[in-house]
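Please look over the sequence and the model shown here before reading on. The report that follows takes up a few residues and helices in turn.

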Amino acid sequence: MKIALLDSGIGLLAATAAVHRLRPDADLVLSNDPDGMPWGPRSPEGITEHALACARAAAAHRPDALIVACNTASVHALEAIRAELEPGLPVIGTVPAIKPAAADGGPVAIWATPATTGSPYQRGLIRDFASGVAVTEVPCPGLADAVERADSAAIEAAVQAAAELTPADVRSVVLGCTHYELVAERIRAAVQPPSAPRVSLYGSAAAVAAQALRRAGAVPMPDAEPTGTLTVLHSGREAELEPVMLTYAEGRSLMAAAPAHP
């Protein structure tokens with residue numbers, strides 16, 4: 001079995017690690033876009049163009065499912081990618097985990113990029129899945145870029161700035177950008193009040209990974225031998241894991257368990 005994932009940069013690591021935990025024997029294809037990133041400031045048409053290019057590069061490796069492991073690309077390009085590749089290749093998008101967070105009763109904070117915060121897309125998810133729950137939308141300028149660079153000081157500054165906008169009574173935080181899952185515990189530490197119940201964090205990686213296996217007709221086998229191969233594509237070119245990926249546990253887990261693709 002082979003699962004492909006795409007993103008502009010390293011935001012795909014959380015979902016990749018989740019797939020690898022469920023099926024360590026699965027071959028993985030990571031398709032990102034160092035030549036074209038960041039996608040966030042681009043127009044919807046530009047995002048779609050770059051995401052489609054990454055999707056086509058991944059599809060050339062004949063995966064059994066493709067994960068669009070990027071909230072921005074899922075908003076703007078998912079329909080176009082599905083129109084081109086389905087039904088032959090199942091395509092799974094990434095949606096912020098607002099529904100399960102709201103089901104816990106709230107109050108809920110949604111940490112997201114400035115472009116997503118307050119957008120019709122996010123407001124629609126809040127309306128559909130969090131009606132009657134106290135929700136605060138928290139913009140996180142610079143956080144995704146800092147995570148992409150593994151710039152610890154910049155991550156800390158961006159997390160603290162967002163924490164200051166997060167109400168003290170929040171019990172759940174939705175990580176509305178795939179990059180944020182890579183620094184989840186730093187976020188939790190910043191929003192956790194002393195002597196209060198543990199704040200719950202809601203990312204999308206685990207649910208997306210499980211859905212990809214279902215769409216590929218596979219079941220979780222976390223005890224399988226770690227025999228899967230790893231193919232990395234940089235704007236369509238075969239490459240190796242970027243050194244910055246190895247600063248995160250999710251990246252190191254791939255290096256340790258999945259042999260590089262020849």
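This is a predicted model: local features need pLDDT of at least 70, side-chain atom pairs count only at pLDDT 80 or more; totals for chains, interfaces and linings use all residues.

The relative accessible area of R188 is 12%, and because buried denotes a value under 20%, R188 is classed as buried. When neighbours within four places in sequence are set aside, the contacts of R188 are with R198, V199, S200 and L201.

## Helix α2

Helix α2 runs over residues 44–59, and its 16 residues should span 22 Å at 1.5 Å a residue, a value with which the 22 Å separation of its end C-alpha atoms agrees.

The buried residues of α2 are G46, I47, T48, H50, A51, L52, C54, A55, A57 and A58.

## Helix α1

Helix α1, made up of residues 13–22, is mostly covered, with 8 of its 10 residues buried. The buried positions in α1 are L13, A14, A15, T16, A17, A18, V19 and H20.

S43 belongs to the loop that lies between β2 and α2. With a relative accessible area of 36%, S43 is partly exposed, because this value falls between the limits of 20% for buried and 50% for exposed. Although S43 and H76 are 33 residues apart in sequence, their C-alpha atoms are 9.2 Å apart in space.

Conventions. Residues are numbered from 1 along each chain as its sequence is written. Side-chain values use heavy atoms; hydrogens and water are left out. Buried means under 20% relative accessible area, exposed over 50%, partly exposed in between (1.4 Å probe, protein chains only). Contact means heavy atoms within 4.5 Å. Helices (H or I, at least four residues) and strands (E, at least two) are DSSP runs, numbered from the N terminus. The expected span of a helix is 1.5 Å times one less than its number of residues.
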